[in-house]
Amino acid sequence: LQLKTGDLDPRLFSRLRHLQKLDLSDNLLDKFPNSLTLPDLRVLNCNNNQLEDVTALKQFPLLEELTYENNVYLTLNDDYKVMFLLENLRLLNGKDITKLANHVRHVNSRKLTSKVTAHWEKFFRDQLPEKHTAEQVKSIRKKFLKSVQTNVVYGPSSLSEFTRWRVKMIAEEFLSYSLGLELNSDTEPEEKAEENEEESTESPREAAEDVAQVGDFSSYINNVLSVTVTPSKRKRNHSKSGGGNKRSKSQANTEEEAEDVSAEPLHFLQCHSKGNSREDFKTQLWSCVFEPVLDSGARKDPIVSSSRTVATCGGESVCLIDCETGTVLKKYKVATEEFFSVAWTTLTMVISDSRKKAHNILAAAGRRGIVKLIHVAADFCYGEIKAHKKPIATVCFSPTQETHLFTASYDKRIALWDIGIPDCDYNFKASQLLVLEAASIPLRIALVPTCPEQYLLAGCEDGCFAWNIKLDKGEKSRPFEAIFQFPDDESMTTSHRVDGLAFLNDDVVVSKSSKPGCIYLWSWSRSFDTKGKGCQRTMSAVILAELEWSTTDMSYLTLSTCPAKGYVFCGDEKGSVWMYNLSSYTAAWGSPKGKRSERRISPAQILQWPELHMNGEQPPEILVNNVVSDPAFTYLVVLTSVNITAIWKKS
């Protein structure tokens, strides 16, 4: 009947006091209104809808049979929620769940309750003074609820969302009944917030064919990658060629201790193996990017302020990983592909009931020159764009135009595409808007933050270039507008491989050159002359500072930035991650008379690769191809040349 949620009128349904069986299959329902009542309902069929949440079903306490197959957003976690909420439920999607439901309601609840209680006793009991104020109660309640949901773990990782949901429930009951820690003044806003959280949570749905593989494989990982952690961090190695570092040793230590950030290794995953082989320590991992947090939508996590879900690519697969639990939420494979790059965008899509909703879309590309477009929440690769005839090195979306995607290829071109917005049947139309001609292969691209619709910067095999990408300029194919020259021993040169490129803030560019041990920070606004005319002009990069890095001449070990925290990250040829805290420098660089830092800036910290044993042996040479933090710098994801994704957490 094409019924939408608004068509279920509570005023009508609440009068159906004796209705026992209701069939709502093959409609467009995304949730149940909370006040349908139906006190005698025993059988409910919701197959083939668009349900995103099951918690409203608790209003039907006598329900015995429930089916909701083919609702793409519902997961195993939702099955467990209804088993807990509906005490009389016998059949779920045609299966007898009586025994399992008893386990969920009793054994599972008992275990979680004891873990929640133990967490309070161990970490929080002593924090609450005997005579406490309402403010103290409010503060400790908030801290405890956040901590307990993050740290209490039980059962398989595929049920982590259900476990967090139950832990929160149990923790709130524990606080109010056992300890009397209720915040009466706060109840209303808190309840509202919870309701929003429930409505906005879409849990990860694992494609059926991959569940067993990922489950089996995860348990294998836990066995084979036994980790012996040597000290998880070390100060700057003073024996390295420091190049112009004139500080005394005591000064250096004092400054570094002030900047020190403690990070601990959380997980080591081998999830990109070719054919799921346990012996694959050769697949190179290239790109990772954290999923944007939706205001209301897929995998918004109330526990963390920014997303903890990261997409990684390498070999024939793209993986979606929960950084906190180390769970591989999804895996997408193309047997003939080698993926080099992934990028996220958020599209406002119109579902079949004409309701607009934001959804995260992942673009993945690589050796075949094809861009795959994946609607992650629906487990669906809905389309592809044959973008180039040669491999695609990197892709990125415009921060201001959600459908605009840049693809940089080994054909020495960077193309701008409008990927369109898919309709309810996933029909979409992609079109090419621009082609930027490069003099050599583009390796890294970055849009200028202050004018992302006007200028694009690219690090290429033979230099660093800028293009005017304004769409009202007319010509569709464009040469570069500027090439930047950098210091080279005694002179300046334009000819060098730039394999790392990112903006630290609106103006400061961080670029890594093939010159050994060389990472430059330079000013975009002071280097790029907007007044000059003509194309292919040479401009000198106005250098603000140089970062001390490894002396290796190995290429393609790229860098990244965390603008919100003022950090730069870069891996090296020994599995280490160099972390630079530049927050104290940026204000000076931004002033009109900002001067160059005379000496190389040392890393605040170098995270060393822990001692890992795989099949009883330590892996051979480990290169860190890429290292990326989430926007809040809670997690650090390290991609290696030996098919291992390492996840560190700031402690």
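Guide: A contact here means heavy atoms within 4.5 Å. The model under discussion is a predicted one.

Visitor: With that in mind, what share of the contacts with a separation of 6 or more comes from residues 24 or more positions apart?

Guide: In the protein chain, such residues account for 58% of those contacts.

Visitor: How many helices and strands does the chain have?

Guide: The protein chain contains 10 helices and 40 strands.

Visitor: And what percentage of the residues is buried?

Guide: Of the 651 residues in the protein chain, 55% are buried. The accessible surface comes to about 29,000 Å², and 49% of that surface belongs to carbon and sulfur atoms.

Visitor: Which residues point which way from E16?

Guide: Ile370, Lys372 and Ile374 point one way, while Val371, Leu373 and His375 point the other way. In a regular strand, side chains alternate between the two faces of the sheet.

Visitor: What joins E16 to strand E15?

Guide: Strand E15, residues 356-366, runs antiparallel to E16 and is joined to it by 5 bridges. Ala364 has Lys372 of E16 as its bridge partner. The hairpin of E15 and E16 has 3 residues between the strands, and Gly369 takes a positive phi near 75° there.

Visitor: How many bridges are there between E16 and E17?

Guide: E16 pairs with strand E17, residues 380-386, over 6 bridges in the antiparallel sense. Within this pair, His375 stands opposite Phe380 of E17. Their hairpin has 4 residues between the strands, and Asp379 has a positive phi near 55°.

Visitor: Changing topic to helix H4: what span should it have, and how far apart are its ends?

Guide: H4 comprises residues 134-151; at 1.5 Å a residue its 18 residues should span 26 Å, and its end C-alpha atoms are 26 Å apart, which agrees.

Visitor: Which residues of H4 are buried?

Guide: Among them are Val137, Ile140, Arg141, Phe144, Leu145 and Val148.

Visitor: Is Asn643 buried or exposed?

Guide: Asn643 counts as buried because its relative accessibility is 0%, and the cut-off for buried is under 20%.

Notes:
Residues are numbered from 1 along each chain as its sequence is written. This is a predicted model: local features need pLDDT of at least 70, side-chain atom pairs count only at pLDDT 80 or more; totals for chains, interfaces and linings use all residues. Side-chain values use heavy atoms; hydrogens and water are left out. Helices (H or I, at least four residues) and strands (E, at least two) are DSSP runs, numbered from the N terminus. Buried means under 20% relative accessible area, exposed over 50%, partly exposed in between (1.4 Å probe, protein chains only). Accessible areas come from the Shrake-Rupley method with a 1.4 Å probe; for residues, only the protein chains shown count as cover. Two strands pair if DSSP finds at least two bridges between them. The expected span of a helix is 1.5 Å times one less than its number of residues.
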